[in-house]
Amino acid sequence: MINQKSEYYVFTRIKRGDDLLFIGSVDADSDNLAKVYANYTYDEEDWFEMFVVKKDDFLQVKLSDGVMNYQSRVKGAEVV
């Protein structure tokens, strides 16, 4: 049986209360391996938290024109 690798995005927070930051990605055969690879690959900082999210699980929201206008941005959102 051949496992197919998936791309996972890696997000971290340096200190409690900091914004969650995208720092890179890893390719892995499973969620558990993605956690291990992310921890090993991005160990240059003493992170408070680290998350991995499979790229395929991201849902894109396409916004129509008027990006700076909240009313048109919310009403104009299109489900892809």
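## The core

Eight residues make up the largest nonpolar core here: Tyr 8, Val 10, Val 26, Ala 28, Ala 34, Ala 38, Tyr 42 and Trp 47. S1, strand S2 (21-28) and H1 are the elements that each give two or more residues to this core. A nonpolar core is a set of buried Ala, Val, Leu, Ile, Met, Phe, Trp, Tyr and Cys residues joined through side-chain atoms within 4.5 Å. Helices (H or I, at least four residues) and strands (E, at least two) are DSSP runs, numbered from the N terminus.

This is a predicted model, where local features need pLDDT of at least 70 and side-chain atom pairs count only at pLDDT 80 or more, while totals for chains, interfaces and linings use all residues. Residues are numbered from 1 along each chain as its sequence is written, and side-chain values use heavy atoms, with hydrogens and water left out.

## Val 26 and Ser 6

Leaving aside neighbours within four places in sequence, Val 26 is in contact (heavy atoms within 4.5 Å) with Ser 6, Glu 7, Tyr 8, Val 10, Ala 34, Tyr 37, Ala 38, Thr 41 and Tyr 42.

Ser 6 sits in strand S1 (residues 6-13). Ser 6 has a relative accessible area of 18%, so it counts as buried (under 20%; exposed is over 50%, partly exposed in between, with a 1.4 Å probe and protein chains only).

## Out at Asp 46

Look for Asp 46 in the loop between helix H1 (31-41) and strand S3 (49-54). Asp 46 counts as exposed because its relative accessibility is 71%. Lys 15 is 31 residues from Asp 46 in sequence, but their C-alpha atoms are 8.9 Å apart in space.
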